[in-house]
Amino acid sequence: LEELGQLTGRPFHFVVASIIAKFAEGEVPFDVLLGMAKEAYDQEAWGGEPDILPLHPLESHAGRTSVLETFHGPTAAFKDIGMQMTVRLLGYFLNQKD
C-alpha cells in the first residue's frame, strides 16, 4: 500500500508501468514497459485530454462521490484503457525469441 502511495501525482504512464512491473516480475524490463505505456497513453491518442481518466466530483453529493470518465480513448469506449497496453504487451511477447 505504501508503494501505491508513492505513485500519487506521477504521470499516468508511469503508474501503469509501475503496476504492471510488479506483476511481470522482470519478464519485461521497466524501461520497455514505460515506453509502451508512454506510447499507449499519449495525450494525442486520447483526444488531447490532459488527464487520461478525468475524475469529476459530484456537487450533489458534497464531493463524496465522483464520476470517472473512461471514454476518451481512440474508440471512445472504456475498453481502450486496458487494451492499449494489452496489445503492446502481446506484441512484445510475440517478438521475443526463446
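A salt bridge is counted here when a side-chain nitrogen of Lys or Arg lies within 4 Å of a carboxyl oxygen of Asp or Glu. By that criterion the structure, which is a predicted model, holds three salt bridges.

**Overall layout**

The protein chain contains four helices and two strands, and these follow one another along the sequence in the pattern α-α-α-β-β-α. Computed along the principal axes, an extent of about 55 × 35 × 15 Å is computed for the C-alpha trace of the chain. Of its 98 residues, 28% count as buried. When contacts between residues at least 6 apart in sequence are considered, 43% of them join residues at least 24 apart.

Helix H3 runs over residues 30-40, and its buried residues are Leu-33, Leu-34, Met-36, Ala-37 and Ala-40. These residues lie on the same side of H3, because they cover an arc of only 160° around the axis. The background to such an arrangement is that an α-helix has 3.6 residues a turn, so residues three or four places apart point the same way. On the other side of H3, by contrast, Asp-31 and Glu-39 are exposed.

How do the axes of H3 and H4 cross, and within what distance do they come? They come within 9 Å of each other and cross at roughly 140°. Since an angle over 145 degrees would count as roughly antiparallel and one of 65 to 115 as roughly perpendicular, H3 and H4 are therefore described as oblique to each other. The crossing in which H3 passes H4 is right-handed. On the H3 side, the residues that meet H4 are Val-32, Leu-33, Met-36, Ala-37, Glu-39 and Ala-40, and their partners in H4 are Gln-84, Met-85, Arg-88, Leu-89 and Tyr-92.

**The salt bridges**

Side chains of opposite charge can pair when their charged atoms come close.

| Lys or Arg | Asp or Glu | Closest N and O atoms |
|---|---|---|
| Lys-22 | Glu-3 | 2.5 Å |
| Arg-88 | Glu-39 | 3.4 Å |
| Lys-79 | Asp-80 | 3.8 Å |

Lys-22 forms a salt bridge with Glu-3. Lys-22 lies in helix H2 and Glu-3 in helix H1, which covers residues 2-5, so this pair ties together parts that are 19 residues apart in sequence. Lys-22 counts as exposed at 52% relative accessibility, whereas Glu-3, with a relative accessible area of 49%, is partly exposed.

The salt bridge between Glu-39 and Arg-88 links distant parts of the chain, with Glu-39 in helix H3 and Arg-88 in helix H4, 49 residues apart.

**Residues in the loops**

Glu-69 is found in the loop between strand S2, residues 66-68, and H4. It is buried, with a relative accessible area of 17%. Leaving aside residues up to four places away in sequence, Glu-69 touches Ile-52, Leu-53, Pro-54 and His-56. Its C-alpha atom is separated by 12 Å from that of Trp-46, which is 23 residues apart from Glu-69 along the chain.

Most residues other than glycine have a negative phi. Glu-25, although not a glycine, has a positive phi of about 45°; this residue sits in the loop between H2 and H3 and is exposed, with a relative accessible area of 69%. Ala-76, likewise not a glycine, has a positive phi of about 60°. The place of Ala-76 is in the loop between S2 and H4, where it is exposed, with a relative accessible area of 53%.

Conventions:
Residues numbered from 1 in each chain as written. Predicted model: local features only at pLDDT ≥ 70, side-chain atom pairs only at ≥ 80, totals over all residues. Heavy atoms only, no water. Buried < 20%, exposed > 50% of the residue type's maximum accessible area, 1.4 Å probe, protein only. Arc of directions from axis to C-beta. Axes fitted to C-alpha atoms, helices over the stretch in contact; angles between N-to-C directions. Parallel < 35°, antiparallel > 145°, perpendicular 65-115°, else oblique. Left-handed = near helix turned anticlockwise from the far one by under 90°. Contact = heavy atoms within 4.5 Å.
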